[in-house]
Each structure stands twice: as C-alpha cells, then as structure tokens.
Amino acid sequence: MAGTVVWDSVEHFPLSPNEFHLVEISALSEPRVLLVDLNNFARYPSVAIGYLSAILKQGGYAVEVFAPLSTGLTGVAREPKTPWWGRANLEFRFRTGISRSPVVRRIRRMYATRASSRLARSKNEVTAEVARRLDAGIDVVLVSTYLMYHPHCAEIGRLCEERGVPLVVGGAYFHAQEVATEWLKLPGLSALIGAEVEPHLCEIVRRVIAGESAGSLPGVWSDEPLLQTAPGSLPGVFVQSDKPRIQSEPLKDLDSIPFADYSEFPWSLYPNVIVPIITGRGCGWGVCSFCSDITSTVGRTYRSRSPENVLAEIAHQHQKHGANLFVFVDLKLNSNVPLWRELIRGIQKVAPGSKWIAAVHVGARGDDGLSLEDLQRAREAGMVRITTGLEVGSQAVLDKMAKGTDLEITSQFLRDAKQADLSVQTTMMTGYPGESADDVDLTTKFLQTHETEIERVKMNRFQIMSGTIFARQLEKSPHKFPQVTDVESDHLNAQISHHYTENDKRDYRNSISHLLKRVHIINRKPLSLAASDFDGVM
Ligand code: B12
Ligand code: SF4
C-alpha cells in the first residue's frame, strides 16, 4: 500500500518506547495478518486484539481476526448462576483443592477439565480453523493468548512452521522471565512479545515477514546468548548469559494510541453489545503482594489516558457499534481520581443512555473518589455494578498482603454503594500465608454483617503466580513462610503450587466451611435488575 503512514521506531533505534515516529513505507503491498484471539471471552471483544488491529490497519496491513466465538467456541463462563447445590460444589472444590492424595488430585483435574471452557477443550477445532485460514493465504500469524492455551499455540506453531508462515505470540502474562523461558520453546515461533509494543508493532511484523530477527526490538524477548560481566567479577571478564532478556519500559503516552478497533469481531453472536474500554494501565496502589495484575505485561506501574481521550473513544464506540453498555477493564478505575470524576461527569453526554461497570480499590485513607456522593453520581451516570477486592475480613491478614485497605472504610463503602443502588461484587481468597481459623471466622462475620450490601462473592484459594511480589519473597526467604510447603513451579502456566499447612487442622477447615456457607447464601440472592445486562460479565 504505497504511501501508507505507519508507526515505526527502527530508523532511530534504540528509542524510548513512547517516542513514536511516522515514516513512509511503500514496499509492503497489504501483507495479510491473521490475528488469533485466545483471550477469548464470549461476552465482549478482547481489548488487546482491538488495539493490535487498529495499529496494524493504520500501518497498511490487511487484518483478519479469528475470534473462536465465530465458530461457536465459548470462553470461560464468568459468574455462572449458583445452583441450590452450589455450597456442596464450593466444599468439593475446597476439599479436593487442599488434598495431598494423588487419587483425589487426579479426580480434581478431571473435574477441572470438564468444567473448563469449550475453547480449552477444543484445540482441534481451533487449529483446524487456523489451518483453513492459513491455506487461504496469510503472510503472518499473530496470536494473543492466555497461558492456559499453550497446547493450542504449540499446534498453531507447527501449522505455521509447515507452511513457512511466521508466528508472533503475545499476551497478558508474558512479561515474567520464568514464563518467557518456557514459551520461547514453542515450535515455529518467530517472536515472543512481553511488553507494550504498540510503537514497534508494524516493524516487528515487517521484520518477521522479511525473515529478519525482531529480537533486538523493545518488547520482544530475545534468547540469543549474550556475553556480559558477572557481578563481582574482574573488569573485562565476561560470562555467557543464557537467560532470555527484553527491553520493556512501560508505555507512557497512552493518548497517542489509536482507539481500539473491534470491527472484525462476531458482533451478532454476543448476547448483547458490550464494548470494553481501558482508561489506564496498571494500578494506582500497585503493591499487593499476591497480585499478578501488576506484574502482567501492561500492569507494571500506573499510567492513564486523558479524560478527553477516553470520552472521545466512548463516543466513537457508541456511534460505531451502537453500544450503550461499557465495561471498564482497568484494574482499578479510581486509580486516577480526577479522571474517574471526569468520566462520571462526561459519559452520558457522549453516550446517552449508557450503562457501565468497573472495578475499584477502596482506599485506606484520603480521597479515593468513593464517597457516598461520588457513588451516587456514578449511579446517575449509568454505573450499575462495582467490583472490589475485599480479599478477607481480617485486618491483620490484609496488612500482611499490603492490600492498603481499612475494613472500617470498606464497611462504609459497602453501605454507601448499597444506598447509591449499585450492585456490589467482591473478590475474595482463603489461605493467604498467616491466615488462621480465627482470621477466617472474622471474614465470615464481615460477610454476615454486609450480607444485604454484597450481591456476589467470587471466592478463590490463594494461588502463587510466577513473577509476583509474593513469589519473589518466597523464593528469597522460604524460612519466613513455614506454613507454605510442597512448593512446585509450573512456569509455563505461571503457577507455583503449594500446600498450606493450616489446611491440615480441623478447626481451620471447619472455619472455611462456615465461610463457604455464607458465600453461598450471598450468591443465591437474585441479581439486581439494573445490572442484568452484565450477568456473567465480571
Ligand atoms: C479484563 C480482564 C478479563 C476480562 C475479559 C478478558 C478478555 N478476554 O478480554 C474477564 C473479566 C472476563 C477476564 C476473565 C479471566 N481472566 Co482476565 N484479565 C483481564 C485484565 C484485568 C485486563 C486484560 C486487558 O484487557 N488488558 C489490556 C490490554 C491492552 O493488555 P494485554 O491484554 O496485556 O495486551 C497488550 C500486550 O500484552 C500486547 N499483546 C497482547 N497480546 C499480544 C499478541 C501479539 C502478537 C502482540 C504483538 C502483542 C500482544 O499488546 C496489548 C497492548 O499493549 C487482565 C489483567 C492485566 N493486567 O492485563 C486479566 C488477565 C489477563 N486475566 C487472567 C485470568 C487468569 C483470567 C481468568 C482465567 C480468571 C478466572 N479464573 O476466571 C478468566 C478467563 C477468561 C477467558 N479466557 O475466557 C490473567 C491471565 C494469566 C494467564 N494465565 O495468561 C490476567 C493477566 C490476570 C492475572 N494477573 O492473573 N479477564
Ligand atoms: S489494588 Fe488490586 S490491582 Fe492494585 S495491586 Fe492490589 S490487588 Fe493488584
């Protein structure tokens, strides 16, 4: 496509990632890119694909999107309706999850496979469709994936290799070096992406199509051996590093990215038109020890768009897709309080009649933008559901996690959100190291106190994910966590499995049972009608 303007930085490489350069390319004649979406979630399009698609189109590439939903493959069901036997299900998951018996673990794995998404179980259908599209003529395949779809990616890699088509893989959890080390072994892989590569995307694609290495570009993992000085060694003495490396400054100038382009998604197959929006990347709090969002590809350090830029995108998506339903996928939408308030002030002007949902962090002190007045304004501006990470109802455990919340303030927030008529969802966990039966009882009591204010609880057992602050602490000082035993790493999936010794105690298990009963009582409540458009969405 002669004369097309694309983003490129390579002419002036190395550059800081937020320096965007416009250059002319004339050599490419609409190379065909297949974007495969293995973030697949069957209620709205994936943000990553929207951005990649917009940038590539702007760069003169012909973009085809394969969203598995287009062939009927649904993603993980979120928030399925709680059946009357839901409590038994919670108990089953907890008891089998903590068991050390190999037989029980095997049964649990079988159960987990049956309960997983159709996409996870349909590798053959996905790869057959990719093969069909490859054979119709594709110059490069770009896959955006969750780690759970490694088998799908490996097969796509083989298909690409057989046909001599380059393959680029990226996704939300490829920033962790442990994970990259495993994924770099994918067959047929031309480049693995572990950072925000918007400014260099077109150049990465150009290089892999031309058969050149993209390994020296920012955001691309390189595993070529490197000679470097060893810590403490004599000057001039070099050792060979075999660890993959990456240049990965977080992207700062978010306003300069084009609006996400969702035109290629199978809109008619979604139950309703919901558009995802991200106003900022990372989290304004950003230090919770268990959190894998802040160690993800785009989650590192908080940066935000301007309110004008966000509102202009909402107006654009509203006009383009007739969308009145928006989900903000920010980790915490109140990270930037002025932006949050501007959004509340402006959203109905640019998208009249819209409804929306978001997650927030309830602050320990100071202005977190979540006063009763703020929440009432948000409700008037169309917000119908608000999600927050309650985690536990024990202040001592919250402090161990560096969660930055104060339970008294959280209690007030819950009462205010109810008064503002917002549907409240909380995410919670059991088994954070240091949690005792008494702490679990405090959590049960907290839920009981706020039973009428909380509409849904998403309860998980604490999981250690590769790359998190907790994983690093455990690696460095295992003696500080005597209750964490049987540690085993599966970096391909960013999972570090472990046993929590409190689970061996009867009183702890009984306390968990009481807690799960309380969770079940809450989750059996009918969902508020105002939020029903978002059932199963967050
Ligand atoms: C919104 C969100 C959801 C939404 C929607 C997901 C969707 N598919 O669109 C909902 C709530 C439904 C959801 C569900 C789940 N999620 Co989720 N989710 C997120 C969240 C908060 C934001 C994702 C997002 O839109 N980011 C914004 C975009 C712009 O960033 P990005 O996706 O990383 O993409 C950028 C780069 O990575 C890069 N890139 C990405 N792909 C590619 C590909 C190529 C080729 C290139 C060049 C570049 C590139 O370019 C993009 C622009 O910079 C992330 C957390 C996070 N920090 O990212 C978790 C996260 C992605 N989710 C995660 C998980 C585990 C889940 C669940 C499995 C949870 C559960 N147990 O139920 C489910 C399963 C969903 C499914 N597969 O169906 C994990 C993924 C870890 C992993 N194993 O890969 C994350 C990282 C959270 C975490 N820290 O644990 N999720
Ligand atoms: S507030 Fe949430 S997103 Fe932010 S660091 Fe803590 S858990 Fe992670």
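## Terms and model

Contact here means heavy atoms within 4.5 Å. The model is predicted.

## The sheet and a helix across it

Six strands form an open sheet. Their order is E10-E13-E14-E15-E16-E17, and the pairing is parallel. Strand E10 (274-277) and strand E17 (456-461) stand at the edges. Each has a single partner strand, so one side of each is left without a neighbour in the sheet. From one strand to the next, the twist averages 20°.

Inside this order, E15 (residues 383-391) and E16 (residues 423-430) run parallel and are joined by six bridges. Arg385 has Ser423 of E16 as its bridge partner. Helix H13 (residues 407-419) lies across E14 (355-360), E15 and E16. The helix runs at about 160° to E15.

## The shell around ligand 1

Ligand 1 has 37 residues around it. Asn39, Ser144, Tyr146, Glu198 and Ser296 come nearest. By class, the shell holds 23 nonpolar, nine polar and five charged residues.

Domain 1 (4-18 + 30-75 + 119-241) and domain 2 (272-464 + 505-534) each give at least three residues to the shell. Helix H1 (47-58), strand E5 (140-145) and strand E6 (167-170) each supply at least two.

Which atom of ligand 1 is 3.1 Å from an N or O atom in the side chain of Tyr146? It is a nitrogen atom.

Oxygen atoms of the ligand also take part. One is 2.9 Å from a polar backbone atom of Leu147. A polar side-chain atom of Arg281 lies 3.4 Å from an oxygen atom of ligand 1.

Note on methods:
Residues are numbered from 1 along each chain as its sequence is written. Chains are lettered from A and ligands numbered from 1 in the order in which they are written. This is a predicted model: local features need pLDDT of at least 70, side-chain atom pairs count only at pLDDT 80 or more; totals for chains, interfaces and linings use all residues. Side-chain values use heavy atoms; hydrogens and water are left out. A residue is near a molecule or strand if one of its heavy atoms lies within 4 Å of it. A polar contact is a pair of N or O atoms within 3.5 Å; within protein, one must be able to donate a hydrogen and the other to accept it, and residues adjacent in sequence count only if both atoms are side-chain atoms. Helices (H or I, at least four residues) and strands (E, at least two) are DSSP runs, numbered from the N terminus. Ala, Val, Leu, Ile, Met, Phe, Trp, Tyr, Cys and Pro count as nonpolar, Asp, Glu, Lys and Arg as charged, and the others, Gly among them, as polar. Domain bounds come from an automatic or database domain assignment. Two strands pair if DSSP finds at least two bridges between them. Axes are lines fitted to C-alpha atoms, for helices over the stretch in contact, and angles run from 0 to 180 degrees between N-to-C directions.
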